[in-house]
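This report looks at charged side-chain pairs and at backbone angles. The model comes first, then the notes.

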Amino acid sequence: MTTSLLDVAGVKVSPDHYIDGRRVPSATTFELFSPIDQKPLGRIAEGLEDHTEAAIAAAQRAFPAWSAMSASERLPYLERFAEEIGKRADDFCRLESTDAGVLLSRMRHGVVPRAMLNIRWFAQHALELQNRPIDTEQAHHIVRHDPAGVVVIITPWNAPLMLSTWKLGPALAAGNTCVLKPPEWAPLTCSLLADCADAAGLPPGVFNVVQGTGASTGAWLVGDARIARVSFTGSVPTAKSIAQAAGANLVPCSLELGGKSPFIVLEDADLDGAAATGALMYRNAGQVCLAGTRFLVHEKVAERFIATMRSHVAKLNVGDPRDEATEVGPIIHPRQVERVEGFVQRAVAAGAELLWGGERHDFGAQYFKPTMLTQVAQDSEIVQNEVFGPVLTLQTFASDEEAIALANGTDYGLGGVCYGETGHATEIAKQVRTGFIWVNSFGIRDLAAPFGGIKRSGVGREGGDWSFEFFCDVKDVVVPKKPFKASFSHR
């Protein structure tokens with residue numbers, strides 16, 4: 001039995017799971033709605049325990065042959081995978097814009113090209129990992145990166161295509177087989193990704209997609225003793241549950257958990273440049289984990305900075321993400337809108353001052369005005385907790401030491417931005433406790449560089465060799481240069 005394809009934004013997409021190279025329906029389904037206008041998009045197959053069991057079993061069966069290939073033998077499969085994504089670029093753009101509310105312009109110019117690069121770059125980089133030698137006086141060491149086994153990948157709703165390929169690229173290139181659980185609020189581009197894998201000729205079971213909720217489908221996947229790795233991007237509470245379930249089987253986890261990143265504006269900063277970059281923090285309706293959401297501004301320039309940023313924010317177009325002119329789209333789900341609104345209302349009730357925004361936008365039910373709050377205490381909820389919406393806070397400081405203390409004064413440590421004279425800003429950036437920080441810039445990323453956070457922002461690093469260190473079992477093959485003589489005197 002095969003379920004009829006959904007027609008979403010003119011794109012035909014399957015609502016079913018993709019297991020062992022074929023579509024698998026479910027007797028249990030859930031309804032999906034567009035954040036743009038709350039219209040139903042169709043019913044999606046919900047993963048039950050027999051689906052997760054089948055997906056993991058399929059991945060297990062596929063693992064011996066896929067892992068036995070060299071990186072160069074896997075390369076053509078992954079090159080074709082990236083090509084198939086490119087062939088359906090417009091479909092991916094329209095689908096994710098409708099399904100997740102992501103800006104169509106961002107999909108076209110950023111996300112889809114990056115998704116293709118994620119697959120290609122890691123496939124190429126895997127060629128460099130084979131049998132790295134370390135030569136010492138005593139022995140030749142051959143350092144191998146062997147595939148770990150079956151990998152479970154769980155991605156969030158704010159960037160389903162980009163983050164899925166960001167994890168699939170190194171996992172597959174290393175020789176693992178994968179089970180992907182898409183976000184239940186935005187699963188459709190992951191389903192289309194399965195079609196691309198199928199068209200590229202990936203062997204059955206190498207890549208599987210099982211849809212459903214984190215509480216049931218996700219829990220069955222991460223609690224299975226047969227899996228070798230879990231890679232998750234999402235919330236701290238969910239990460240704790242995943243780590244606990246995986247820990248029972250000693251399964252390593254990579255956890256990227258969002259942030260409450262500082263955006264520091266020093267006295268010697270280019271205020272217009274900082275304000276223009278600051279307005280970018282509202283992109284994707286603020287649903288960006290690496291955004292600088294806590295503005296820390298030197299008291300001597302605060303008034304001028306606020307006026308300058310206000311003018312930039314006033315020009316932002318809030319509206320339908322399918323319109324190329326739109327710069328701020330909808331919030332993903334009614335529950336998330338209520339959460340964002342609750343944060344703002346409680347902050348104002350506690351004495352915060354609204355500089356702009358603070359309420360729903362009249363464009364639609366799931367649109368919220370770009371918001372900035374000031375007069376907020378360092379220990380307040382709005383400063384300490386991730387809102388994940390178009391809501392920023394602004395605090396002032398009088399010295400570098402105070403700026404650093406404020407920047408480091410949360411339980412998060414993912415990213416950051418620091419604007420000022422380059423040398424000065426760089427010195428401040430070095431002292432901010434975070435996984436990465438941009439100086440006089442924002443969003444510059446390279447696949448060779450590490451990505452990840454500290455404290456509650458996550459465990460581990462993704463990107464470059466760091467991805468392969470996680471998705472592989474690293475083995476040292478030691479070949480002595482001289483005949484070995486056994487002795488209890490050496491270790």
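## Asp146 and Arg144

Arg144 has a relative accessible area of 31%, so Arg144 is partly exposed. This is a predicted model. The side chain of Arg144 forms a salt bridge with that of Asp146, at 2.9 Å from N to O. Asp146 stands at 15% relative accessibility and counts as buried, because buried means under 20%.

Asp91 has a relative accessible area of 16% and is buried. Arg88 has 24% and is partly exposed. The cut-off for buried is under 20%, so Asp91 at 16% falls in that class.

Both residues belong to a network of salt bridges. Its members are Arg23, Arg88, Asp90, Asp91, Arg94, Arg108, Asp195 and Glu324.

## A link across the chain

How many salt bridges does the structure hold? The count is 25. One of them pairs the side chains of Glu53 and Arg226, with 2.8 Å from N to O. This pair links distant parts of the chain, with the two residues 173 apart. Glu53 sits in helix H1, residues 49–68. Arg226 sits in the loop between helix H7 (214–222) and strand S12 (229–233).

Glu53 is at 41% relative accessibility, so Glu53 counts as partly exposed. Arg226 has a relative accessible area of 26% and is partly exposed as well.

Which phi value does Asp20 take? The angle is near 55°, which is positive in a residue other than glycine. Asp20 lies in a loop, with strand S3 (17–19) and strand S4 (22–24) on either side of that loop. The relative accessibility of Asp20 is 28%, so Asp20 counts as partly exposed.

Asn440 is not a glycine either, yet has a positive phi of about 50°. The loop that holds Asn440 runs between strand S21 (438–439) and strand S22 (454–455). At 27% relative accessibility, Asn440 is classed as partly exposed.

Terms used. Residues numbered from 1 in each chain as written. Predicted model: local features only at pLDDT ≥ 70, side-chain atom pairs only at ≥ 80, totals over all residues. Heavy atoms only, no water. Salt bridge = Lys/Arg side-chain N within 4 Å of Asp/Glu carboxyl O. Helix = DSSP H or I, 4+ residues; strand = E, 2+ residues; numbered from the N terminus. Buried < 20%, exposed > 50% of the residue type's maximum accessible area, 1.4 Å probe, protein only.
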